[in-house]
Amino acid sequence: MASNQDLQRLLDELGRLPGIGPKSAQRIAYHLLEADAEEARRLAQAILDVKEHVHFCSRCFNYATADECPICMDSMRDRTGSYHGLYHVLGGVISPMDKIGPEQLHIRELLMRLGEEDIQEIIIATNPNIEGETTASYLARTIKPLGVTVSRLASGLPVGGDLEYADELTLGRAIEARRAL
């Protein structure tokens, strides 16, 4: 039987997750309390498995289970039907309020790739919000002097929307209609 300390510890741990406030933590905890033991074991095992097997791709910093992610390993990659290039995951955006600067992102690794690989254009795909625009402007100012074309995804993505919720058609149109910065 769960003690009040056990329940409070679960609430505290759930509350540490991004986007989970006290009410959401409470709903998740109560769901887990009502779930059978096998459901709780599956969740716990999934968390342990992902921590053990998933890491950053050594090339683009996407999530991977091998040294490189499936996108980097696929020479015929074509995520949206309109882009056949490489990817690079920054791992976030510049956000002074959250104490995240360029040093906390994978920008240094991107610049190293520009020196090592034959890259003609960088398409910046950050969310269309203040932090995304700040990051895009920083990248453009940093990369343009290197002689690489810098462009940004165009409309097709809603202002204030998140990229992870865009479908392939919308993302494909945004790539096709990108604009230089």
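Two strands count as paired if DSSP finds at least two bridges between them, and strands here are DSSP runs (E) of at least two residues, helices runs (H or I) of at least four, all numbered from the N terminus. By that rule, strand S4 (residues 149-152) is joined to S5 by 2 bridges, and the two run antiparallel. Before going further: this is a predicted model, where local features need pLDDT of at least 70 and side-chain atom pairs count only at pLDDT 80 or more, while totals for chains, interfaces and linings use all residues. Residues are numbered from 1 along each chain as its sequence is written, and side-chain values use heavy atoms, with hydrogens and water left out.

Back to the strands. Zoom out and you find an open sheet of 3 strands, ordered S3-S4-S5, with mixed pairing. Its edges are strand S3 (121-124) and strand S5 (179-180), each pairing on one side only.

Now for the helices. Two packed helices are described by the angle between their axes and the distance between the axes. For helix H1 (residues 4-15) and helix H2 (residues 22-34), the axes come within 9 Å and cross at roughly 130 degrees. Axes here are lines fitted to C-alpha atoms over the stretch in contact, with angles from 0 to 180 degrees between N-to-C directions. That makes H1 oblique to H2 (under 35 degrees is roughly parallel, over 145 roughly antiparallel, 65 to 115 roughly perpendicular, and the rest oblique). What touches what? On the H1 side, Leu7, Leu10, Leu11, Leu14 and Gly15 meet a set in H2 that includes Ala25, Ile28, Tyr30 and Leu33, contact meaning heavy atoms within 4.5 Å.

Next, a look at some loops. His106 lies in the loop between helix H4 (70-73) and helix H5 (107-116). With a relative accessible area of 16%, His106 is buried (under 20% is buried, over 50% exposed, in between partly exposed, using a 1.4 Å probe and protein chains only). Beyond its neighbours within four places in sequence, His106 contacts Phe61, His88, Val89, Leu90 and Gly91.

Phe61 itself belongs to the loop between strand S1 (55-56) and strand S2 (63-64), and is buried too, at 14%. Most residues other than glycine have a negative phi. Phe61, though, has a positive phi, near 70 degrees. Lys99 also has a positive phi, about 60 degrees, without being a glycine. Is Lys99 buried or exposed? At 72% relative accessibility, Lys99 counts as exposed, and its place is the loop between H4 and H5.
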